[in-house]
Amino acid sequence: MRIPAGLTGAYTWDRSFRLWDTYFALIWSATLVFALVARSPGCVRLTAAALLVPLIPLYVLVGRPVLRGDPPDERRALGYLAAALALFLPSAVLASETQLIAFALVPQCFMTLRLRWALVAVAVINLTPVLGWALLWRPGEEAVFYNSVFSVVTFVFSVAIGSWIIRIIEQSQERAELIAELDASRHEVSRLSAAHGALAERERMAREIHDTLAQGFTSLLMLTQAVEAELETDVAQARRHLSLMDETARQNLAEARALVAGGAPADLDGASLPDALRRLAARHDAALEVTGPVRALPAGPEVVALRACQEALSNARKHAGSSAAVGIAVTYADESLTVSVRDDGDGFDPASVSYGYGLAGLRARAAEVGGTTEIRSAPGAGTTVTVRLPVLGSTS
């Protein structure tokens with residue numbers, strides 16, 4: 001019986017081979033005793049016993065390594081069993097009592113040979129000794145009949161047990177292969193899960209950087225351009241914009257630290273959502289309107305609402321025009337939170353443009369907490385970005 005490479009240890013004889021060694025030694029010892037006390041002439045008994053003695057070194061030096069092969073070398077197995085039979089058969093012909101050693105040789109046939117060769121070897125082990133014994137000693141018909149029936153029954157039993165054992169081994173083989181495949185699949189799933197987690201984390205960090213640092217730097221750039229234009233014409237306005245630049249830079253620094261620490265957005269650190277939106281609106285010269293009963297909400301919806309406003313305000317300043325009025329509306333309802341950012345700028349045709357990374361990230365953020373994003377715009381009619389988020393509970 002062949003064992004697939006890599007599955008050593010999956011079978012009983014491999015895991016507990018010492019038990020098999022003990023079994024072989026006991027059968028051999030019992031057979032030697034039977035040979036020595038057989039009802040045969042003294043020289044016959046001694047010859048039969050002497051033929052059994054080389055089986056021990058033959059098993060230790062050749063048979064045992066073959067049996068432990070992965071898979072067993074069938075050519076070496078055939079040579080080993082041929083040598084064992086060359087010692088066993090003459091002994092069994094001389095003294096029928098030595099046929100007991102067959103209980104040790106038959107299992108080895110099924111353990112090392114293909115089924116076809118194993119059946120041939122088992123037939124030789126069970127039937128040849130009786131035929132040789134009958135031809136050599138010419139016993140009575142009754143003795144020949146009983147020994148023949150016994151050898152045939154032993155042969156049939158050996159074949160049945162051997163075939164059953166082979167089926168069990170094959171099933172164990174299949175189970176071992178399935179277990180190996182499951183282990184490989186589990187490792188692959190773990191690898192893919194880790195890769196997916198890393199990709200999701202990269203996407204999350206990209207959204208965070210886009211919604212915080214990138215927008216802050218955009219605001220700084222726009223304020224710098226405004227200050228350059230105002231230094232000679234409106235110093236007071238330039239100073240106000242410089243103050244906003246200072247506040248925006250500090251806010252960017254706080255956001256960077258929050259990203260590194262993995263904490264809440266800097267605007268929400270120790271503040272309510274309306275307070276955070278007021279500071280955000282001030283930095284963007286936007287109006288803020290809050291309706292409904294203001295209350296503390298779970299962190300997820302509040303972060304999404306803040307990031308949505310940041311993205312929508314950034315887009316409004318970049319695309320609506322510098323003179324456009326921008327407003328933020330926040331509505332608290334029993335089971336939802338709605339934030340809208342509107343401008344009265346140039347507007348656009350939503351069907352004719354492809355949304356960039358920022359709006360795509362905004363939609364993804366809202367979807368992660370079960371919310372929806374709606375963008376309404378038309379040429380010359382401004383733009384409104386509305387995000388509706390479910391709020392199933394509140395925090396105190």
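**Reading a predicted fold: strands, helices and cores**

Mentor: Let us begin with a pairing: strand 3 and strand 5 (residues 383-390) run antiparallel to each other, joined by eight bridges. Two strands are said to pair if DSSP finds at least two bridges between them. Strands (E, at least two residues) and helices (H or I, at least four residues) are DSSP runs, numbered from the N terminus. The model is predicted, so local features need pLDDT of at least 70 and side-chain atom pairs count only at pLDDT 80 or more, while totals for chains, interfaces and linings use all residues. Residues are numbered from 1 along each chain as its sequence is written, and side-chain values use heavy atoms, with hydrogens and water left out.

Trainee: How many helices and strands does the protein chain contain?

Mentor: The protein chain has 12 helices and five strands.

Trainee: Which strand do seven bridges join to strand 3?

Mentor: That is strand 2 (residues 326-332), which runs antiparallel to strand 3. A hairpin of three residues connects strand 2 to strand 3. Along this pairing, valine 326 has aspartate 343 of strand 3 as its bridge partner, and valine 330 stands opposite valine 339 of strand 3.

Trainee: In what sense do strand 1 and strand 2 pair?

Mentor: Strand 1 (residues 287-291) and strand 2 pair in the parallel sense, over five bridges. Here threonine 291 has threonine 331 in strand 2 as its bridge partner.

Trainee: Why is strand 3 described as largely enclosed?

Mentor: One reads this from burial, where buried means under 20% relative accessible area, exposed means over 50%, and partly exposed lies in between (1.4 Å probe, protein chains only). Six of the eight residues of strand 3 (residues 336-343) are buried, so the rest of the structure largely encloses it. Strand 2 is also largely enclosed by the rest of the structure, because six of its seven residues are buried. For the protein chain of 396 residues, 41% count as buried.

Trainee: Which residues of helix 3 are buried?

Mentor: They are Val44, Ala48, Ala49 and Leu52. Their arc around the axis is only 130 degrees, which puts them on the same side of helix 3. What covers these residues includes helix 2, helix 4, helix 5 and helix 7. Cys43 and Leu46, on the other side of helix 3, are exposed.

Trainee: How many residues does the largest nonpolar core have?

Mentor: In soluble globular proteins, nonpolar side chains tend to be buried together. A nonpolar core is a set of buried Ala, Val, Leu, Ile, Met, Phe, Trp, Tyr and Cys residues joined through side-chain atoms within 4.5 Å. The largest one here has 37 residues, and those with the most contacts inside it are Leu55, Tyr59, Phe88, Ile101, Cys109 and Ile125. Helix 5 (74-94) is among the elements that give two or more residues to this core, and its share, nine residues, is the largest. Apart from this core lies another of 32 residues, among them Ala276, Ala316, Val326 and Tyr332.

Trainee: Which residues does cysteine 109 touch?

Mentor: With contact taken as heavy atoms within 4.5 Å, and not counting residues up to four places away in sequence, cysteine 109 touches Leu81, Ala118, Ala121, Val122 and Ile125.

Trainee: How many disulfides does a search of the whole structure find?

Mentor: A disulfide is a covalent bond between the sulfur atoms of two cysteines. With a disulfide defined as a pair of cysteine sulfur atoms within 2.5 Å, the search finds zero. As for accessibility, cysteine 43 counts as exposed because its relative accessibility is 55%, whereas cysteine 309, at 0%, counts as buried.

Technical notes
Arc of directions from axis to C-beta.
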